[in-house]
Amino acid sequence: MLVARHDIDMPKLLRSSRPIRELETEAADLLKNRGDAGHTLDDARDELAQSYGFHSWRQLEVFVEHPGQEGRDFLFLACLNYWPTDRESMRSRARSMLAADPSLADKDIYHAAAVGNVTAVVRFLDADPALANARGGFFDWEALLYACYSRLNLPDYSTFECAKLLLQRGADANAYFMWGGQYRFTALTGAFGEGEMGPSNQPEHERCVDLARMLLESGADPNDGQALYNRMFEPGHFWIEMLLDFGLGKSSKVNWLEEDRDRLVPSDESILDYQLRWAVEHDHIDRARLLIGAGADVSAKNKFGDSYYTIALKAGQKDFAAELASLGSERQELPEIEEFIALCMGGDLQGARDMLEKSPNLVKQAEEDFADAVGHAAGQGRLKALTTFQALGFDLGKKQGQSPMHRAVLGGQLEVLRWLVEQGGDTSLRDDMHGTTPLVWSYALGREECREYLSGLELDLFDSIMCENTNRIESLVNTDPALLETPLKNVRGSQYNYDDDWMTPIAFAATRGKVDSTRCLLALSANPQVANSRGVSLKDLLRDLDLKETLDLL
(Lines give C-alpha, C1' and ligand atoms only; values in the text may rest on other atoms or scores of the structure.)
Protein backbone atom coordinates (compact mmCIF):
# COMPACT_ATOMS: atom_id res chain seq x y z
CA MET A 1 0.00 0.00 0.00
CA LEU A 2 1.14 3.54 -0.65
CA VAL A 3 1.68 5.67 2.41
CA ALA A 4 -1.11 8.19 3.06
CA ARG A 5 0.20 11.73 3.33
CA HIS A 6 -2.29 14.20 4.76
CA ASP A 7 0.13 16.95 5.79
CA ILE A 8 2.17 17.74 2.69
CA ASP A 9 3.80 21.14 3.28
CA MET A 10 3.49 22.38 -0.30
CA PRO A 11 0.72 20.57 -2.20
CA LYS A 12 0.28 21.25 -5.90
CA LEU A 13 -2.38 23.72 -7.00
CA LEU A 14 -5.40 22.12 -8.67
CA ARG A 15 -7.89 24.10 -10.73
CA SER A 16 -11.50 22.88 -10.77
CA SER A 17 -11.44 23.14 -14.58
CA ARG A 18 -8.86 20.36 -14.82
CA PRO A 19 -10.49 17.38 -16.61
CA ILE A 20 -10.79 14.29 -14.44
CA ARG A 21 -9.48 12.14 -17.29
CA GLU A 22 -6.15 13.99 -17.14
CA LEU A 23 -5.89 13.27 -13.44
CA GLU A 24 -6.78 9.63 -13.99
CA THR A 25 -3.95 9.41 -16.55
CA GLU A 26 -1.61 11.09 -14.07
CA ALA A 27 -2.54 8.50 -11.43
CA ALA A 28 -1.97 5.65 -13.90
CA ASP A 29 1.44 7.08 -14.77
CA LEU A 30 2.28 7.33 -11.08
CA LEU A 31 1.41 3.68 -10.58
CA LYS A 32 3.44 2.66 -13.62
CA ASN A 33 6.49 4.60 -12.41
CA ARG A 34 6.26 2.95 -8.99
CA GLY A 35 6.78 -0.44 -10.60
CA ASP A 36 5.58 -2.23 -7.47
CA ALA A 37 3.09 -5.07 -7.84
CA GLY A 38 1.83 -4.37 -4.30
CA HIS A 39 0.47 -0.97 -5.36
CA THR A 40 -2.97 -0.62 -6.91
CA LEU A 41 -4.55 2.08 -9.04
CA ASP A 42 -6.67 3.12 -6.06
CA ASP A 43 -3.48 3.57 -4.04
CA ALA A 44 -1.99 5.73 -6.78
CA ARG A 45 -5.15 7.80 -7.03
CA ASP A 46 -5.16 8.51 -3.28
CA GLU A 47 -1.48 9.43 -3.33
CA LEU A 48 -2.03 11.78 -6.24
CA ALA A 49 -5.02 13.36 -4.49
CA GLN A 50 -2.94 13.90 -1.36
CA SER A 51 -0.22 15.57 -3.45
CA TYR A 52 -2.91 18.11 -4.40
CA GLY A 53 -3.94 18.64 -0.78
CA PHE A 54 -7.02 16.37 -0.63
CA HIS A 55 -7.58 13.54 1.85
CA SER A 56 -8.58 11.10 -0.87
CA TRP A 57 -9.22 10.58 -4.55
CA ARG A 58 -12.96 10.78 -3.91
CA GLN A 59 -12.64 14.27 -2.41
CA LEU A 60 -10.56 15.38 -5.41
CA GLU A 61 -13.09 13.81 -7.77
CA VAL A 62 -16.01 15.66 -6.16
CA PHE A 63 -14.15 18.97 -6.52
CA VAL A 64 -13.22 18.48 -10.16
CA GLU A 65 -16.49 16.97 -11.39
CA HIS A 66 -18.92 19.20 -9.47
CA PRO A 67 -21.84 19.35 -9.94
CA GLY A 68 -22.48 16.92 -12.82
CA GLN A 69 -24.83 14.04 -12.14
CA GLU A 70 -24.12 14.30 -8.43
CA GLY A 71 -26.94 16.83 -8.28
CA ARG A 72 -29.20 13.85 -7.71
CA ASP A 73 -27.35 12.56 -4.64
CA PHE A 74 -29.16 12.96 -1.33
CA LEU A 75 -26.08 13.93 0.72
CA PHE A 76 -24.96 16.41 -1.91
CA LEU A 77 -28.35 18.10 -1.77
CA ALA A 78 -28.67 17.96 2.03
CA CYS A 79 -25.38 19.65 2.92
CA LEU A 80 -23.71 22.98 2.31
CA ASN A 81 -21.02 22.35 -0.30
CA TYR A 82 -19.72 25.90 -0.93
CA TRP A 83 -20.12 25.96 -4.66
CA PRO A 84 -22.25 28.66 -6.34
CA THR A 85 -24.96 26.00 -6.64
CA ASP A 86 -25.67 26.17 -2.89
CA ARG A 87 -29.38 26.95 -2.64
CA GLU A 88 -32.25 26.29 -0.26
CA SER A 89 -33.95 24.59 -3.23
CA MET A 90 -31.34 21.83 -2.93
CA ARG A 91 -32.35 21.15 0.68
CA SER A 92 -36.01 21.13 -0.36
CA ARG A 93 -35.22 18.56 -2.99
CA ALA A 94 -33.41 16.41 -0.42
CA ARG A 95 -36.40 16.62 1.92
CA SER A 96 -38.66 15.48 -0.93
CA MET A 97 -36.33 12.56 -1.62
CA LEU A 98 -36.46 11.55 2.04
CA ALA A 99 -40.25 11.78 2.12
CA ALA A 100 -40.40 9.52 -0.94
CA ASP A 101 -37.82 7.09 0.46
CA PRO A 102 -37.65 7.15 4.32
CA SER A 103 -34.98 4.41 4.23
CA LEU A 104 -32.45 7.11 3.35
CA ALA A 105 -32.52 8.15 7.02
CA ASP A 106 -30.64 5.01 8.04
CA LYS A 107 -28.91 3.96 4.83
CA ASP A 108 -25.52 4.36 6.58
CA ILE A 109 -24.02 6.48 9.34
CA TYR A 110 -23.41 9.36 6.95
CA HIS A 111 -27.01 9.57 5.80
CA ALA A 112 -28.19 9.15 9.39
CA ALA A 113 -25.96 12.00 10.58
CA ALA A 114 -27.12 14.32 7.79
CA VAL A 115 -30.77 13.57 8.55
CA GLY A 116 -30.24 13.80 12.31
CA ASN A 117 -31.34 10.23 12.98
CA VAL A 118 -29.81 9.69 16.43
CA THR A 119 -31.24 6.19 16.85
CA ALA A 120 -29.60 5.00 13.65
CA VAL A 121 -26.26 6.65 14.52
CA VAL A 122 -26.29 4.83 17.88
CA ARG A 123 -26.95 1.54 16.11
CA PHE A 124 -24.11 2.05 13.62
CA LEU A 125 -21.62 3.04 16.33
CA ASP A 126 -22.60 0.14 18.56
CA ALA A 127 -21.92 -2.22 15.67
CA ASP A 128 -18.64 -0.54 14.70
CA PRO A 129 -17.14 2.14 17.02
CA ALA A 130 -14.51 3.00 14.40
CA LEU A 131 -17.23 4.64 12.31
CA ALA A 132 -16.98 7.69 14.61
CA ASN A 133 -13.95 8.81 12.58
CA ALA A 134 -14.31 6.84 9.35
CA ARG A 135 -14.82 8.75 6.11
CA GLY A 136 -17.51 7.87 3.58
CA GLY A 137 -20.67 9.01 1.86
CA PHE A 138 -20.85 11.24 -1.22
CA PHE A 139 -18.15 13.69 -0.06
CA ASP A 140 -15.93 11.10 1.68
CA TRP A 141 -16.39 13.02 4.94
CA GLU A 142 -16.57 11.91 8.55
CA ALA A 143 -20.10 11.58 9.94
CA LEU A 144 -19.53 14.62 12.17
CA LEU A 145 -19.06 16.79 9.10
CA TYR A 146 -22.35 15.62 7.61
CA ALA A 147 -24.10 16.53 10.87
CA CYS A 148 -22.48 19.99 10.93
CA TYR A 149 -22.99 20.84 7.25
CA SER A 150 -26.50 19.42 6.85
CA ARG A 151 -29.24 22.03 6.54
CA LEU A 152 -32.28 19.74 6.34
CA ASN A 153 -33.61 20.97 9.72
CA LEU A 154 -36.16 18.19 9.97
CA PRO A 155 -38.76 17.93 12.74
CA ASP A 156 -38.31 14.90 15.01
CA TYR A 157 -34.64 14.65 13.99
CA SER A 158 -31.56 16.47 15.32
CA THR A 159 -28.19 16.85 13.64
CA PHE A 160 -27.06 18.61 16.84
CA GLU A 161 -27.79 15.52 18.93
CA CYS A 162 -26.04 13.39 16.31
CA ALA A 163 -22.97 15.60 16.55
CA LYS A 164 -23.11 15.39 20.34
CA LEU A 165 -23.31 11.60 20.24
CA LEU A 166 -20.45 11.34 17.75
CA LEU A 167 -18.21 13.52 19.93
CA GLN A 168 -19.09 11.44 22.99
CA ARG A 169 -18.11 8.31 21.03
CA GLY A 170 -14.71 9.73 20.10
CA ALA A 171 -15.26 11.71 16.91
CA ASP A 172 -12.50 14.25 16.25
CA ALA A 173 -13.83 17.76 16.90
CA ASN A 174 -11.23 19.02 14.39
CA ALA A 175 -12.51 16.89 11.51
CA TYR A 176 -12.13 18.76 8.24
CA PHE A 177 -11.90 18.54 4.48
CA MET A 178 -9.77 20.67 2.15
CA TRP A 179 -11.98 22.50 -0.35
CA GLY A 180 -9.99 22.55 -3.57
CA GLY A 181 -7.04 21.15 -1.62
CA GLN A 182 -6.51 24.70 -0.34
CA TYR A 183 -9.14 25.81 2.17
CA ARG A 184 -9.71 24.01 5.49
CA PHE A 185 -13.44 23.51 6.11
CA THR A 186 -13.86 22.11 9.60
CA ALA A 187 -16.82 20.88 11.61
CA LEU A 188 -16.77 24.31 13.27
CA THR A 189 -16.87 26.00 9.83
CA GLY A 190 -20.01 23.98 9.10
CA ALA A 191 -21.63 24.98 12.37
CA PHE A 192 -21.13 28.71 11.74
CA GLY A 193 -22.13 28.48 8.08
CA GLU A 194 -22.71 31.50 5.82
CA GLY A 195 -20.30 32.51 3.05
CA GLU A 196 -20.10 34.28 -0.27
CA MET A 197 -23.57 33.14 -1.38
CA GLY A 198 -25.21 34.87 1.58
CA PRO A 199 -27.07 33.68 4.68
CA SER A 200 -30.20 32.66 2.78
CA ASN A 201 -28.32 30.20 0.57
CA GLN A 202 -25.68 29.19 3.12
CA PRO A 203 -27.34 29.59 6.52
CA GLU A 204 -25.77 28.85 9.86
CA HIS A 205 -26.64 25.54 11.54
CA GLU A 206 -30.08 25.64 13.15
CA ARG A 207 -28.35 25.39 16.55
CA CYS A 208 -25.28 27.30 15.51
CA VAL A 209 -24.23 28.71 18.88
CA ASP A 210 -24.84 25.48 20.81
CA LEU A 211 -23.07 23.35 18.21
CA ALA A 212 -20.09 25.69 17.88
CA ARG A 213 -19.66 25.89 21.65
CA MET A 214 -19.90 22.11 21.99
CA LEU A 215 -17.24 21.62 19.31
CA LEU A 216 -14.94 24.15 20.98
CA GLU A 217 -15.44 22.55 24.39
CA SER A 218 -14.57 19.22 22.74
CA GLY A 219 -11.25 20.58 21.50
CA ALA A 220 -11.98 22.24 18.17
CA ASP A 221 -9.29 24.76 17.20
CA PRO A 222 -10.66 28.30 17.66
CA ASN A 223 -8.33 29.53 14.90
CA ASP A 224 -10.78 28.65 12.17
CA GLY A 225 -9.88 30.93 9.30
CA GLN A 226 -12.57 29.65 6.97
CA ALA A 227 -15.33 30.10 9.55
CA LEU A 228 -14.16 33.68 10.13
CA TYR A 229 -14.04 34.31 6.39
CA ASN A 230 -17.52 32.89 5.78
CA ARG A 231 -19.08 35.06 8.49
CA MET A 232 -17.31 38.33 7.70
CA PHE A 233 -19.66 39.47 4.91
CA GLU A 234 -22.66 40.22 7.12
CA PRO A 235 -22.85 42.56 10.14
CA GLY A 236 -22.20 41.24 13.64
CA HIS A 237 -19.34 39.56 15.50
CA PHE A 238 -20.66 37.08 18.09
CA TRP A 239 -18.64 34.32 16.43
CA ILE A 240 -15.41 36.28 16.92
CA GLU A 241 -16.22 36.80 20.60
CA MET A 242 -16.81 33.07 21.01
CA LEU A 243 -13.56 32.12 19.28
CA LEU A 244 -11.65 34.69 21.33
CA ASP A 245 -13.09 33.17 24.50
CA PHE A 246 -11.65 29.80 23.45
CA GLY A 247 -8.16 31.03 22.61
CA LEU A 248 -8.14 32.79 19.25
CA GLY A 249 -5.43 35.44 19.53
CA LYS A 250 -3.05 37.78 17.75
CA SER A 251 -0.52 34.99 17.19
CA SER A 252 -3.10 32.90 15.26
CA LYS A 253 -2.25 32.64 11.56
CA VAL A 254 -4.61 32.35 8.61
CA ASN A 255 -4.88 28.56 8.25
CA TRP A 256 -5.66 28.24 4.56
CA LEU A 257 -2.98 27.89 1.89
CA GLU A 258 -1.80 30.65 -0.43
CA GLU A 259 -0.97 30.23 -4.10
CA ASP A 260 2.72 30.39 -4.99
CA ARG A 261 2.96 29.69 -8.72
CA ASP A 262 1.97 26.01 -9.10
CA ARG A 263 2.19 25.23 -5.37
CA LEU A 264 0.19 25.99 -2.23
CA VAL A 265 2.08 27.31 0.78
CA PRO A 266 1.06 28.15 4.37
CA SER A 267 0.00 31.74 4.98
CA ASP A 268 2.04 33.87 7.35
CA GLU A 269 -0.69 36.47 7.93
CA SER A 270 -2.32 37.00 11.32
CA ILE A 271 -5.99 36.05 11.15
CA LEU A 272 -6.97 38.97 13.38
CA ASP A 273 -5.09 41.39 11.12
CA TYR A 274 -6.82 39.91 8.08
CA GLN A 275 -10.21 40.31 9.75
CA LEU A 276 -9.42 43.87 10.86
CA ARG A 277 -8.47 44.94 7.36
CA TRP A 278 -11.80 43.63 6.00
CA ALA A 279 -13.77 45.21 8.84
CA VAL A 280 -12.26 48.65 8.26
CA GLU A 281 -12.59 48.46 4.47
CA HIS A 282 -16.25 47.43 4.73
CA ASP A 283 -17.43 49.72 7.52
CA HIS A 284 -17.88 47.04 10.21
CA ILE A 285 -16.82 49.50 12.87
CA ASP A 286 -17.89 47.67 16.03
CA ARG A 287 -16.21 44.51 14.76
CA ALA A 288 -13.03 46.47 14.05
CA ARG A 289 -13.02 47.80 17.61
CA LEU A 290 -13.41 44.26 18.97
CA LEU A 291 -10.49 43.02 16.86
CA ILE A 292 -8.25 45.89 17.87
CA GLY A 293 -9.04 45.20 21.50
CA ALA A 294 -8.09 41.54 20.92
CA GLY A 295 -4.66 42.51 19.62
CA ALA A 296 -5.04 43.09 15.88
CA ASP A 297 -2.35 45.44 14.60
CA VAL A 298 -4.00 48.81 14.11
CA SER A 299 -0.73 50.25 12.77
CA ALA A 300 -0.74 47.91 9.77
CA LYS A 301 -1.28 48.99 6.16
CA ASN A 302 -3.01 47.33 3.21
CA LYS A 303 -1.21 46.18 0.06
CA PHE A 304 -1.46 49.69 -1.39
CA GLY A 305 0.33 51.20 1.60
CA ASP A 306 -2.80 52.81 3.06
CA SER A 307 -3.07 52.93 6.84
CA TYR A 308 -6.38 52.07 8.48
CA TYR A 309 -6.80 55.76 9.20
CA THR A 310 -6.57 56.46 5.47
CA ILE A 311 -8.90 53.59 4.53
CA ALA A 312 -11.57 54.82 6.94
CA LEU A 313 -11.14 58.42 5.81
CA LYS A 314 -11.49 57.52 2.12
CA ALA A 315 -14.63 55.57 3.03
CA GLY A 316 -16.12 58.73 4.48
CA GLN A 317 -15.77 57.57 8.10
CA LYS A 318 -14.08 60.73 9.37
CA ASP A 319 -14.80 60.18 13.08
CA PHE A 320 -13.74 56.54 12.98
CA ALA A 321 -10.57 57.51 11.12
CA ALA A 322 -9.69 59.90 13.95
CA GLU A 323 -10.37 57.11 16.46
CA LEU A 324 -8.05 54.76 14.57
CA ALA A 325 -5.35 57.42 14.51
CA SER A 326 -5.63 57.84 18.28
CA LEU A 327 -5.07 54.08 18.62
CA GLY A 328 -1.89 54.10 16.52
CA SER A 329 -2.86 54.16 12.86
CA GLU A 330 -0.74 56.52 10.79
CA ARG A 331 -2.28 59.83 9.75
CA GLN A 332 -1.35 59.91 6.08
CA GLU A 333 -1.68 62.93 3.82
CA LEU A 334 -4.26 62.27 1.12
CA PRO A 335 -3.60 63.19 -2.52
CA GLU A 336 -6.10 65.68 -3.90
CA ILE A 337 -8.21 63.10 -5.73
CA GLU A 338 -8.44 60.84 -2.67
CA GLU A 339 -9.41 63.78 -0.47
CA PHE A 340 -12.18 64.54 -2.98
CA ILE A 341 -13.43 60.95 -2.84
CA ALA A 342 -13.33 61.05 0.97
CA LEU A 343 -15.55 64.14 1.00
CA CYS A 344 -18.01 62.52 -1.43
CA MET A 345 -18.16 59.29 0.55
CA GLY A 346 -18.76 61.30 3.72
CA GLY A 347 -21.63 63.16 2.06
CA ASP A 348 -19.86 66.54 2.30
CA LEU A 349 -21.33 68.13 -0.83
CA GLN A 350 -20.15 71.66 -0.08
CA GLY A 351 -16.60 70.54 0.67
CA ALA A 352 -16.51 68.56 -2.58
CA ARG A 353 -17.87 71.55 -4.55
CA ASP A 354 -15.21 73.80 -3.04
CA MET A 355 -12.55 71.42 -4.33
CA LEU A 356 -14.20 71.30 -7.77
CA GLU A 357 -14.01 75.08 -8.06
CA LYS A 358 -10.22 74.81 -7.82
CA SER A 359 -9.89 71.59 -9.88
CA PRO A 360 -12.81 71.23 -12.35
CA ASN A 361 -11.60 67.83 -13.67
CA LEU A 362 -11.90 66.01 -10.35
CA VAL A 363 -15.15 64.20 -11.22
CA LYS A 364 -13.72 62.89 -14.49
CA GLN A 365 -10.51 61.85 -12.75
CA ALA A 366 -12.43 60.20 -9.90
CA GLU A 367 -14.56 58.17 -12.32
CA GLU A 368 -11.38 56.94 -14.00
CA ASP A 369 -9.22 56.31 -10.92
CA PHE A 370 -11.96 55.30 -8.47
CA ALA A 371 -14.55 53.70 -10.73
CA ASP A 372 -15.84 51.59 -7.87
CA ALA A 373 -16.59 54.47 -5.49
CA VAL A 374 -20.28 54.77 -6.41
CA GLY A 375 -20.69 50.99 -6.28
CA HIS A 376 -19.00 50.84 -2.88
CA ALA A 377 -21.36 53.51 -1.53
CA ALA A 378 -24.35 51.55 -2.89
CA GLY A 379 -23.18 48.28 -1.35
CA GLN A 380 -22.64 49.89 2.03
CA GLY A 381 -26.01 51.65 2.03
CA ARG A 382 -24.47 55.14 1.85
CA LEU A 383 -27.44 57.05 0.50
CA LYS A 384 -25.99 60.43 1.51
CA ALA A 385 -22.81 59.61 -0.42
CA LEU A 386 -24.88 58.60 -3.45
CA THR A 387 -26.88 61.83 -3.43
CA THR A 388 -23.57 63.69 -3.26
CA PHE A 389 -22.17 61.76 -6.22
CA GLN A 390 -25.36 62.47 -8.14
CA ALA A 391 -25.30 66.20 -7.36
CA LEU A 392 -21.71 66.39 -8.60
CA GLY A 393 -22.55 64.72 -11.91
CA PHE A 394 -21.20 61.21 -11.37
CA ASP A 395 -22.62 58.44 -13.56
CA LEU A 396 -24.77 56.30 -11.24
CA GLY A 397 -24.91 53.51 -13.80
CA LYS A 398 -21.16 53.19 -14.27
CA LYS A 399 -19.85 49.65 -13.92
CA GLN A 400 -16.62 48.21 -12.66
CA GLY A 401 -17.53 44.59 -13.21
CA GLN A 402 -21.03 45.27 -11.86
CA SER A 403 -23.30 48.28 -11.53
CA PRO A 404 -24.14 50.14 -8.30
CA MET A 405 -27.52 48.43 -8.52
CA HIS A 406 -25.82 45.03 -8.41
CA ARG A 407 -23.81 46.18 -5.42
CA ALA A 408 -26.94 47.35 -3.62
CA VAL A 409 -28.45 43.88 -4.07
CA LEU A 410 -25.21 42.25 -2.90
CA GLY A 411 -25.33 44.29 0.30
CA GLY A 412 -29.07 43.81 0.76
CA GLN A 413 -29.55 47.58 0.59
CA LEU A 414 -33.21 47.86 -0.42
CA GLU A 415 -33.50 51.60 0.26
CA VAL A 416 -30.51 52.31 -1.96
CA LEU A 417 -31.78 49.96 -4.67
CA ARG A 418 -35.14 51.70 -4.69
CA TRP A 419 -33.45 55.11 -4.85
CA LEU A 420 -31.24 54.05 -7.79
CA VAL A 421 -34.30 52.86 -9.72
CA GLU A 422 -36.14 56.10 -8.95
CA GLN A 423 -33.18 58.02 -10.40
CA GLY A 424 -33.64 56.17 -13.67
CA GLY A 425 -31.29 53.24 -13.04
CA ASP A 426 -31.25 50.55 -15.71
CA THR A 427 -32.39 47.23 -14.22
CA SER A 428 -31.27 45.36 -17.36
CA LEU A 429 -27.54 46.04 -16.85
CA ARG A 430 -25.56 42.80 -16.57
CA ASP A 431 -22.40 42.17 -14.59
CA ASP A 432 -19.20 41.10 -16.34
CA MET A 433 -18.52 37.92 -14.35
CA HIS A 434 -21.86 36.13 -14.66
CA GLY A 435 -23.63 38.18 -17.33
CA THR A 436 -26.68 38.58 -15.10
CA THR A 437 -28.97 41.38 -13.93
CA PRO A 438 -29.58 42.73 -10.42
CA LEU A 439 -32.78 40.64 -10.30
CA VAL A 440 -30.86 37.42 -10.96
CA TRP A 441 -28.38 38.47 -8.26
CA SER A 442 -31.28 38.87 -5.83
CA TYR A 443 -32.33 35.28 -6.56
CA ALA A 444 -28.80 33.92 -6.39
CA LEU A 445 -27.98 35.68 -3.12
CA GLY A 446 -31.32 35.11 -1.44
CA ARG A 447 -31.97 38.85 -1.07
CA GLU A 448 -35.72 38.43 -0.79
CA GLU A 449 -36.69 42.07 -0.18
CA CYS A 450 -34.66 43.20 -3.19
CA ARG A 451 -36.12 40.40 -5.29
CA GLU A 452 -39.68 41.27 -4.35
CA TYR A 453 -39.13 44.93 -5.19
CA LEU A 454 -37.41 44.30 -8.53
CA SER A 455 -40.04 41.73 -9.54
CA GLY A 456 -42.68 44.45 -9.50
CA LEU A 457 -40.89 46.57 -12.11
CA GLU A 458 -41.19 46.53 -15.91
CA LEU A 459 -38.35 44.11 -16.60
CA ASP A 460 -36.96 42.64 -19.82
CA LEU A 461 -38.14 39.23 -21.05
CA PHE A 462 -35.50 37.10 -19.35
CA ASP A 463 -35.98 38.82 -15.99
CA SER A 464 -39.75 38.54 -16.39
CA ILE A 465 -39.23 34.80 -16.88
CA MET A 466 -37.16 34.63 -13.68
CA CYS A 467 -39.92 36.12 -11.55
CA GLU A 468 -42.65 34.30 -13.56
CA ASN A 469 -44.48 37.46 -14.51
CA THR A 470 -46.57 35.87 -17.25
CA ASN A 471 -48.56 39.04 -17.97
CA ARG A 472 -45.32 40.86 -18.68
CA ILE A 473 -44.03 37.95 -20.80
CA GLU A 474 -47.20 38.01 -22.94
CA SER A 475 -47.04 41.78 -23.35
CA LEU A 476 -43.40 41.78 -24.44
CA VAL A 477 -43.78 38.88 -26.90
CA ASN A 478 -47.01 40.21 -28.40
CA THR A 479 -45.26 43.54 -28.99
CA ASP A 480 -42.16 41.89 -30.50
CA PRO A 481 -42.60 38.20 -31.44
CA ALA A 482 -38.93 38.00 -32.49
CA LEU A 483 -38.03 37.99 -28.80
CA LEU A 484 -39.05 34.32 -28.66
CA GLU A 485 -36.01 33.35 -30.74
CA THR A 486 -33.55 35.89 -29.30
CA PRO A 487 -30.76 34.16 -27.37
CA LEU A 488 -29.19 35.52 -24.21
CA LYS A 489 -26.00 36.33 -26.15
CA ASN A 490 -27.85 39.01 -28.11
CA VAL A 491 -29.46 40.47 -25.01
CA ARG A 492 -26.17 40.66 -23.14
CA GLY A 493 -24.28 42.35 -25.97
CA SER A 494 -21.14 41.48 -24.01
CA GLN A 495 -17.54 40.99 -25.10
CA TYR A 496 -17.50 37.95 -22.82
CA ASN A 497 -18.82 34.48 -23.57
CA TYR A 498 -21.06 32.52 -21.19
CA ASP A 499 -22.14 28.89 -21.14
CA ASP A 500 -25.81 29.82 -21.45
CA ASP A 501 -25.39 32.36 -24.28
CA TRP A 502 -27.27 29.99 -26.59
CA MET A 503 -30.42 29.95 -24.51
CA THR A 504 -33.59 31.28 -26.04
CA PRO A 505 -36.34 32.35 -23.60
CA ILE A 506 -37.91 28.88 -23.57
CA ALA A 507 -34.57 27.21 -22.78
CA PHE A 508 -33.85 29.80 -20.09
CA ALA A 509 -37.25 29.22 -18.46
CA ALA A 510 -37.21 25.43 -18.64
CA THR A 511 -33.65 24.93 -17.35
CA ARG A 512 -34.40 27.14 -14.36
CA GLY A 513 -37.52 25.17 -13.48
CA LYS A 514 -39.83 28.11 -14.18
CA VAL A 515 -43.02 26.15 -14.81
CA ASP A 516 -45.45 29.05 -15.29
CA SER A 517 -43.04 30.91 -17.57
CA THR A 518 -42.37 27.77 -19.61
CA ARG A 519 -46.09 27.10 -20.03
CA CYS A 520 -46.68 30.73 -21.01
CA LEU A 521 -43.89 30.72 -23.63
CA LEU A 522 -45.14 27.48 -25.15
CA ALA A 523 -48.62 29.00 -25.44
CA LEU A 524 -46.99 31.90 -27.30
CA SER A 525 -45.50 29.38 -29.79
CA ALA A 526 -41.94 29.26 -28.48
CA ASN A 527 -39.88 26.56 -30.19
CA PRO A 528 -38.58 23.97 -27.71
CA GLN A 529 -36.45 22.21 -30.36
CA VAL A 530 -33.24 23.99 -29.39
CA ALA A 531 -29.83 22.71 -28.33
CA ASN A 532 -26.74 24.04 -26.59
CA SER A 533 -23.38 24.75 -28.24
CA ARG A 534 -22.41 21.07 -27.89
CA GLY A 535 -25.55 19.88 -29.66
CA VAL A 536 -27.31 18.60 -26.51
CA SER A 537 -31.03 19.14 -26.89
CA LEU A 538 -33.08 21.09 -24.38
CA LYS A 539 -35.06 17.97 -23.50
CA ASP A 540 -31.88 16.00 -22.79
CA LEU A 541 -30.58 18.84 -20.62
CA LEU A 542 -33.77 18.81 -18.60
CA ARG A 543 -33.45 15.05 -18.13
CA ASP A 544 -29.87 15.50 -16.90
CA LEU A 545 -31.00 18.24 -14.53
CA ASP A 546 -33.91 16.08 -13.37
CA LEU A 547 -36.34 18.94 -14.07
CA LYS A 548 -39.37 16.73 -14.63
CA GLU A 549 -42.04 19.45 -14.43
CA THR A 550 -40.69 21.59 -17.24
CA LEU A 551 -39.65 18.52 -19.24
CA ASP A 552 -43.22 17.23 -19.09
CA LEU A 553 -44.46 20.56 -20.44
CA LEU A 554 -42.24 20.16 -23.51
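**Buried residues, cores and cavities in a predicted model**

Cysteine 148 is buried, its relative accessible area being 0%, where buried stands for under 20% relative accessible area, exposed for over 50% and partly exposed for what lies in between, with a 1.4 Å probe and protein chains only. The structure is a predicted model, in which local features need pLDDT of at least 70 and side-chain atom pairs count only at pLDDT 80 or more, while totals for chains, interfaces and linings use all residues. Residues are numbered from 1 along each chain as its sequence is written, and side-chain values use heavy atoms, with hydrogens and water left out.

Cysteine 148 takes part in no disulfide, a disulfide being a pair of cysteine sulfur atoms within 2.5 Å, and the count of disulfides comes to zero. For cysteine 148 the nearest cysteine sulfur, that of cysteine 79, is 10.0 Å away. Cysteine 162 is likewise buried, at 0% relative accessibility, and its sulfur lies 10 Å from the closest cysteine sulfur, in cysteine 148, which is too far for a bond.

In soluble globular proteins, nonpolar side chains tend to be buried together. A nonpolar core is here a set of buried Ala, Val, Leu, Ile, Met, Phe, Trp, Tyr and Cys residues joined through side-chain atoms within 4.5 Å. The largest such core has 97 residues, and those with the most contacts inside it are Ile109, Tyr146, Tyr149, Phe192, Leu215 and Val280. Apart from this core lies another, of 65 residues, which includes Cys344, Leu420, Leu459 and Val477. When neighbours within four places in sequence are left aside, valine 280 is in contact with Ala288, Tyr308, Ile311, Ala312, Phe320 and Leu324, contact being defined by heavy atoms within 4.5 Å.

Valine 280 is one of the buried residues of helix 15; helices (H or I, at least four residues) and strands (E, at least two) are DSSP runs, numbered from the N terminus. Helix 15 (residues 271-281) is largely enclosed by the rest of the structure, because nine of its 11 residues are buried. These buried residues pack against helix 13 (225-231), helix 14 (238-245), helix 16 (285-293), helix 17 (308-314) and helix 18 (318-326). In the loop between helix 15 and helix 16 is aspartate 283, which has a positive phi of about 65 degrees although it is not a glycine, and which counts as buried at 17% relative accessibility.

Four cavities of 30 Å³ or more were counted. On a 1 Å grid over the protein atoms alone, a cavity is a set of points where a 1.4 Å probe fits but cannot get out, and lining residues have an atom within 4 Å of a point. Grid points are joined across faces, edges and corners, and a volume is the space filled by probe spheres set on the points. The largest cavity has a volume of about 160 Å³, and of the 14 residues that line it, the closest to its centre are Gln59, Val62, Phe139, Phe177 and Trp179. Helix 3 (57-65) and strand 3 (176-179) are the elements that give two or more residues to this lining.

The second largest cavity has a volume of about 50 Å³, and its lining consists of Glu367, Phe370, Ala371, Ala373, Val374, Phe394, Asp395 and Lys398.

Key
1 Å grid on protein atoms, 1.4 Å probe; cavity = no way out; pocket = protein on both sides within 12 Å on 5 of 7 lines; lining within 4 Å.
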